[in-house]
Amino acid sequence: RLAGVPVVVTSFHCPDYTHWPPRSLGGALWKMLDRWSARRINDGFLAVSDAVRADYTKHFALPDIKVVHNYIDLEPRNPPDPAARWATRAGAGCSDEDVVILNVGRLSWEKGQADLIEALPDVLACAPRAQVWLAGEGPEGPALEARARALGVAARVRLLGSTRDVESLLRAADLF
C-alpha cells in the first residue's frame, strides 16, 4: 500500500496458524500483526487448498478466501523416452526392477516425508525392491536421513536434493 500498488493479494500456502503456534514473544507479536494487517492491507486472498483456506478463515475470520489449487501438468510435453527413464533411474542408483516412490517438495515436517520413511519397512515387506526418492531441500533433511538409518532402510532412501528437472523424475518413478 505504501508503494502505491493498486491491488494487494496475499496467497496462503500452508496451515500456518493451526500447526505452527508461536514459540516466542516475537513470534506471537508477528502473528498478531499479521492478523491485524491482513484486513487492512489486502484486497483479496488466495489459498492453495481447502484445508489452508479453512485454517486462515478460522484464525483470521476472513470469509472471502478463494482457492486456487497447486498445479502439475500431467500431460507429457515430450514423448516417453525409455532410455531417458533408464538413465535417470541409473543415475539415482536403481535398476529397472526397483519400484521407485517419488516425493517432490521442501523437506519439512508438514510435507510428510517422515511418514513415508516410517512406512517404508512395511512397504519393503511387500515390495522388497522399493526405493523412496525425496527431491528437495529443507530443514528436515538430516533428520530424515537419521530416521532412515535407525529403521534400517537408508539403503532404500535417496535424498536427491534440489532439482529443476522434476519431469524426468516423474517419468522415472513408478509412484508419485
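Modeller: Happy to! Let me begin with a term: buried means under 20% relative accessible area, exposed means over 50%, and partly exposed lies in between, with a 1.4 Å probe and protein chains only. This is a predicted model, in which local features need pLDDT of at least 70 and side-chain atom pairs count only at pLDDT 80 or more, while totals for chains, interfaces and linings use all residues. Residues are numbered from 1 along each chain as its sequence is written, and side-chain values use heavy atoms, with hydrogens and water left out.

By that burial rule, phenylalanine 12 counts as buried because its relative accessibility is 7%. Tyrosine 56, at 6% relative accessibility, counts as buried too.

Now to the rings. Rings of Phe, Tyr and Trp (its six-membered ring) pair if their centres lie within 6.5 Å; planes under 30 degrees apart count as stacked, over 60 as edge-to-face and the rest as tilted. Searching the whole structure turns up four aromatic pairs. One of them is stacked: phenylalanine 12 and tyrosine 56, at 3.7 Å centre to centre with 10° between the planes. Since phenylalanine 12 sits in strand E1 (residues 9–12) and tyrosine 56 in helix H3 (residues 50–60), this pair ties together parts that are 44 residues apart in sequence. Here helices (H or I, at least four residues) and strands (E, at least two) are DSSP runs, numbered from the N terminus.

Tyrosine 56 also pairs with phenylalanine 60: the ring centres are 5.2 Å apart and the planes are at 70°, so this pair is edge-to-face. Because they are four residues apart in helix H3, about one helical turn separates tyrosine 56 from phenylalanine 60. Both tyrosine 56 and phenylalanine 60 are buried. Put together, Phe12, Phe45, Tyr56 and Phe60 make up one aromatic cluster.

Let us turn to the helix itself. The buried residues in H3 include Val52, Asp55, Tyr56 and Phe60. These four cover an arc of only 100° around the axis, which puts them on the same side of H3; the arc is that of the directions from the helix axis to the C-beta atoms. Ala51 and Lys58, on the other side of H3, are exposed. After H3 comes alanine 61, which has a positive phi, near 55°.
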